[in-house]
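Please have the sequence and the 3D view open while reading.

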Amino acid sequence: MTGFFERVYRVVRRIPPGRVVSYGDVARMLEHPHAARTVGWALGSLPEGSGVPWQRVINSEGRVSTSHQEDGVNLQRALLEAEGVEFDESGRVDWGRFGWVGLSRQEIEALLDA
DNA sequence: ACAATGACATAAG
DNA sequence: GCTTATGCCATTG
C-alpha cells in the first residue's frame, strides 16, 4: 500500500453508510483531480475484509462500474440497497439524495496527517 | 527508464 | 442514450 492507495482508503472509510461518491470526487479531495482511474484501481486491488466500504464509490453518472466482474455489479448494488441507497430504472443513483458531500479541506488534511 | 494497464471523466458524433 | 476517442495518473512487469 503505497501513499496514494493509503489516502484513497482513508477517505473512503469516511463515507457514511447510505451515501455514495464518485471516483472523481475522491480524486479531487486528494487534490489529484485527474487520478480517478487510479482511485478505481486502488479499490479494485483492495483485499477483501479490509474494512473499506468500496461499494460506496461509483462513477460520475451515478452508476456502479465494477466492469471486471460479472456479478460485481449486482453485489455492489445489493450492498448499497441494503444501506438504503435507491437505484432508478436505469440503475442510477440520485446524487441529490444519496451523494456524499465529502470532507472539507481541513478534514482531509487532518485525515492524511494522521 | 519504458510500455502497458485499469471499478474513470468528459467531449463529440 | 449509446459508442468512440482522448486525456490523466499511479502502479507493475
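## Terms and model

A residue is near a strand if one of its heavy atoms lies within 4 Å of it. The model described here is predicted.

## The surface near the DNA

The residues around DNA strand C are Thr2, Phe4, Phe5, His32, His34, Ala35, Arg37, Thr38, Trp41, Arg63 and Arg92. Sorted by class, four of the residues near DNA strand C are nonpolar, four are polar and three are charged.

Two helices, H1 (3-13) and H3 (36-44), each provide at least two residues of this surface. H3 contributes the most, with three residues.

## Sugar, phosphate and bases

Which part of DNA strand C accounts for 66% of its atoms within 4 Å of the protein? These atoms belong to sugar or phosphate, and the rest belong to bases.

Polar contacts are found with both phosphate and base atoms. A polar side-chain atom of His32 is 3.4 Å from a phosphate oxygen of DNA strand C. In the side chain of Arg37, an N or O atom lies 2.9 Å from a base oxygen of DNA strand C. Thr38 also has a side-chain N or O atom 2.9 Å from a base oxygen of DNA strand C.

## How H1 meets H3

The axes of H1 and H3 come within 10 Å and cross at roughly 80°, which means that H1 is roughly perpendicular to H3.

On the H1 side, Phe4, Phe5, Val8, Tyr9 and Val12 take part in the contact; on the H3 side, Thr38, Val39, Trp41, Ala42 and Leu43 do. The contact of H1 with H3 has nine nonpolar residues, one polar residue and no charged residues.

Conventions
Residues are numbered from 1 along each chain as its sequence is written. Chains are lettered from A and ligands numbered from 1 in the order in which they are written. This is a predicted model: local features need pLDDT of at least 70, side-chain atom pairs count only at pLDDT 80 or more; totals for chains, interfaces and linings use all residues. Side-chain values use heavy atoms; hydrogens and water are left out. A polar contact is a pair of N or O atoms within 3.5 Å; within protein, one must be able to donate a hydrogen and the other to accept it, and residues adjacent in sequence count only if both atoms are side-chain atoms. Helices (H or I, at least four residues) and strands (E, at least two) are DSSP runs, numbered from the N terminus. Ala, Val, Leu, Ile, Met, Phe, Trp, Tyr, Cys and Pro count as nonpolar, Asp, Glu, Lys and Arg as charged, and the others, Gly among them, as polar. Axes are lines fitted to C-alpha atoms, for helices over the stretch in contact, and angles run from 0 to 180 degrees between N-to-C directions. Angles under 35 degrees count as roughly parallel, over 145 as roughly antiparallel, 65 to 115 as roughly perpendicular and the rest as oblique. Contact means heavy atoms within 4.5 Å.
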